[in-house]
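Hi,

Here is the structure I promised to pass on.

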Amino acid sequence: MGPTGPNGEGGGADGTVPTNTTVNLPPLTLRDVPRLTAAAPVVPNPISRHPYFHPSATFYISPGDVSLRHAFFDLASATPAPLVAYRRAGPRQELSIDPARARAALVTCGGLCPGLNTVLRELVVGLQELYGVRDVFGVAAGYRGFYGADADHIRLDLATVDDWHKKGGTVLKTTRGGFDLNKIVDGIVAREYTQVYVIGGDGTMRGAVAIFKEFKRRGLNISITGIPKTVDNDIGIIDRSFGFQTAVEIAQQAIDAARVEAVSAVNGIGLVKLMGRSTGHIALHATLSSRDVDCCLVPELDFYLEDKGGLFEFLYERIKQKGHAVVVVAEGAGQELIPRTDDQKRERDESGNIVFLDVGPWLKSELGKWWKREHPGELFTVKYIDPTYMIRAVPANATDNLYCTLLAHSAIHGIMAGYTGFVPGPINGNYCYIPLEDVAAAKNPVDVNDHKWAWVRSVTNQPDFLNNPK
């Protein structure tokens, strides 16, 4: 195939190559992050004086370096969308923060996720080894750890965190809820912290936004950054959240076990429930990775059980064809199908989310009722696997461990450069600083109209559930 020009044309029949074309791109909008102060940089970066590491001239990020949110453009569009850019993450040659006067607080909030301890470890290592910050503290028990009667602030050093990256969970402990803005900020001020590193999901990021605004309202010279953690990858803008790839790896092991159970039974179904309250990314990626799934059910796509084109009809045909079937369901899928009492409709968890009913046992029960009703006297087995806590509690795999290190160091570099109210994260593979408000508001649902979902359909050949007679 010959060279291709901007409009998709290849080389001519005579072998000529199209000439280069200059294209005027749309205006660029920089989604900048706040700074603690507008003053000029005050100290040179101590990395330049590191006794064992001598950075090259290209090591430091230029003040003007930005990265585009979208990496591709439609040159044929008459009205191209405006371009959005973010500041590139990384070390700056000159700092707006004196590391010798820094006092850092690290806190983990919300549920568990692979990689939490790696982020904590690398925050301590980066702060102390790269920048020489000696006052680094871990705040136990989430947001309430800043003010609770049993608040425990643990001094952290290199020896303390040495093997944390090999452990699951969070050594600092974590809780949901407990967000009392004034008490949290009062606790931060009382402990004389100058920078706060908050590790958590979308709810935690919304809390960090409120803390940032309260710092600003009180005129406090305290930096805050959020490091996005959510095992089911539902945080928007960034390429992915840490722990997600580990979760997919462990989920695939559960699918493998479900397949063995299903194949070993007469008319067997292996049913696996995976994490994913509002998004089905784990279910989607585990399905693509295993290639053994017959039906993948996600919150973004409605499904139905009975009648033509429904789940039961499809599974019966698959069992007749193969002798077994494997079904993966995300925890947020099918919630509208499960009967609820009035009390259950009103129930909320500590974070204010509606309490989901357990779709796994419900679907297992419905499968059993269906088979007994439609195929009485025939053997049938459903083996149900719920690896939720196994997925959340394992240590990060190699890929997530590296990712957690880059996130932690990117956060430190941003804080030391004087930025605040931001989230570090990769966008199209380039690490950037994103305003906290943007990340707190952004969602990341599975797009069931894109190519990735088409790949799922090509693997499973499942129905699209568009012909629901009800």
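This is a predicted model: local features need pLDDT of at least 70, side-chain atom pairs count only at pLDDT 80 or more; totals for chains, interfaces and linings use all residues.

Numbering starts from 1 along each chain as its sequence is written, and side-chain values use heavy atoms, with hydrogens and water left out.

On to the second largest pocket. By class, its lining has twelve nonpolar, eight polar and seven charged residues. The lining is made up of 27 residues, and Ile237, Ile238, Asp239, Asn444 and Lys452 lie nearest the centre. (A pocket, on a 1 Å grid over the protein atoms alone, is an open set of points where a 1.4 Å probe fits, with protein on both sides within 12 Å along at least five of seven lines; lining residues have an atom within 4 Å of a point.) The volume of this pocket is about 680 Å³, meaning the space filled by probe spheres set on the points. Helix 5 and helix 12 (451-460) each supply at least two lining residues, and helix 12 gives the largest share, four residues. Helices here are DSSP runs (H or I, at least four residues), numbered from the N terminus.

Helix 5 (residues 281-290) also packs on helix 4 (residues 244-263), at an angle of about 60° with the axes 9 Å apart. Axes are lines fitted to C-alpha atoms over the stretch in contact, and angles run from 0 to 180 degrees between N-to-C directions. The two helices are therefore oblique to each other (under 35 degrees is roughly parallel, over 145 roughly antiparallel, 65 to 115 roughly perpendicular, the rest oblique). The contact (heavy atoms within 4.5 Å) includes Phe244 and Ile255 of helix 4 and His281 and Ser290 of helix 5. Its residues divide into seven nonpolar, six polar and no charged.

Next, helix 6 (residues 311-322) and helix 8 (residues 359-374) cross at roughly 70°, their axes coming within 11 Å. That makes helix 6 roughly perpendicular to helix 8. Among the residues in contact are Leu311 and Tyr316 of helix 6 and Glu366, Trp370 and Trp371 of helix 8. This contact has nine nonpolar, no polar and one charged residues.

Last, helix 1 (residues 116-130) packs against helix 10 (residues 398-416) at about 45°, with axes 8 Å apart, which makes helix 1 oblique to helix 10. Residues meeting there include Glu122 and Leu123 in helix 1 and Cys404 and His409 in helix 10. By class, the contact has eight nonpolar, six polar and one charged residues.

Cheers

Note on methods:
Ala, Val, Leu, Ile, Met, Phe, Trp, Tyr, Cys and Pro count as nonpolar, Asp, Glu, Lys and Arg as charged, and the others, Gly among them, as polar.
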